[in-house]
Amino acid sequence: MTLDQLIEEIKLKAKPFYMNEEGVAFDDIHDWNHMRRVYGAAKKMLELAPEANRGEVLLAAILHDIGRANDRQASHAEISYNLAKEFLPEYQTEFLANNIDLEKVLKMVRYHSIAHICPDKAIAESLEFNILTDADKVDMFGALGMVRVPIAEAYKQPQVVYHTYEHLAKMTDPNNFQFRSEAGRKIGQKYKDYSEKFVKDLEAQQQEFELD
Ligand SMILES: [Fe+2]
Ligand SMILES: [Fe+2]
C-alpha cells in the first residue's frame, strides 16, 4: 500500500466518527469539515517543511478529533486516542513500510490539545507534532475562526458575545496559541493577526456604545 492509499484507507475508517447518525457532518466546528480544513492546512505547511514526515502529520490530522462527537472539551483528545488505538494497529505493517511510527501518531492524537502534559518530550517538540497543532490552530483564527468561536462558545454558556470576546482576547494574546513551526507561522500568522484586529475592533465598539 502506498502512502496515498494508506491515507485514503484511514480517512474511510475515520469518517464515520466525524459524522452524525444520518451521515452528515454534525456542526462544522469539530467534525469532518474541521478535519478537512486541518488536513488542508497541514498539507500546505508540509510543502514548506519537506523534511517533516508527511505520513505522520497527515494521519494524525485525520485522526486527531475523531473523539469530538462524544466530548467537546479537552478530554476529546483522549477519546480520539482510544478510538484510534482500536483500529490503527491492524495497519502496523503498512505504517512500517511507509516509514511511519504508529506509536508516535497515536501520541500526537492523544496530546494534540494538551502538549504540555505529553510525557514524551521528543514527540511534543517534534516538527510533525508542531505542524499538526499549528494546522489545528489555523482553524481557530481568521474569518473562519470568527464564525467558529462564537458557535463553540454557545455550547458552553448563553452570554455568547461576552464570552466570545473574552475567549478571543485570550486566543489572540501574543503569548498564547503561538505557532510552533516556521511553516505554521508562515501559513497561519496572518489569520491570527486578522483575529487580533477583530478583537480590537470589538473592544472599541463595545466601549463606544456601552454607556450607563
Ligand atoms: Fe482537538
Ligand atoms: Fe481539531
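What covers the buried residues of helix α6? The cover includes α3 (54-63), α4 (76-87), α7 (121-124) and α8 (127-138), where a residue is buried if 20 or more other C-beta atoms, placed from the backbone, lie within 10 Å of its own. This is a predicted model, in which local features need pLDDT of at least 70 and side-chain atom pairs count only at pLDDT 80 or more, while totals for chains, interfaces and linings use all residues. Residues are numbered from 1 along each chain as its sequence is written, and chains are lettered from A and ligands numbered from 1 in the order in which they are written.

**The chain as a whole**

- The protein chain holds 11 helices and zero strands, these being DSSP runs numbered from the N terminus (helices are H or I with at least four residues, strands are E with at least two).
- Of its 212 residues, 39% count as buried.
- Along the principal axes, the C-alpha atoms fill a box of roughly 65 × 40 × 30 Å.

**The covered helix α6**

- Helix α6 spans residues 102-110 and is mostly covered, with seven of its nine residues buried.
- The buried residues are Lys104, Val105, Leu106, Lys107, Met108, Val109 and Arg110.

**The pair α3 and α8**

- These two helices, α3 and α8, pack at about 40° with their axes 9 Å apart, the axes being lines fitted to C-alpha atoms over the stretch in contact and the angles running from 0 to 180 degrees between N-to-C directions.
- They are therefore oblique to each other, since angles under 35 degrees count as roughly parallel, over 145 as roughly antiparallel, 65 to 115 as roughly perpendicular and the rest as oblique.
- Glu56, Val57, Ala60 and Ala61 of α3 meet Glu128, Ile131, Leu132 and Ala135 of α8, contact meaning that C-beta atoms placed from the backbone lie within 7 Å.

**The pair α10 and α11**

- Helix α10 (residues 160-172) packs against helix α11 (residues 182-209) at an angle of about 135°, with their axes 9 Å apart, and that makes α10 oblique to α11.
- The contact is made by Tyr165, Leu168, Ala169, Met171 and Thr172 of α10 together with Lys192, Ser195, Glu196, Phe198, Val199 and Leu202 of α11.

Key. A residue is buried if 20 or more other C-beta atoms lie within 10 Å of its own, exposed if 12 or fewer, and partly exposed in between; C-beta atoms are placed from the backbone. Two residues are in contact if their C-beta atoms, placed from the backbone, lie within 7 Å.
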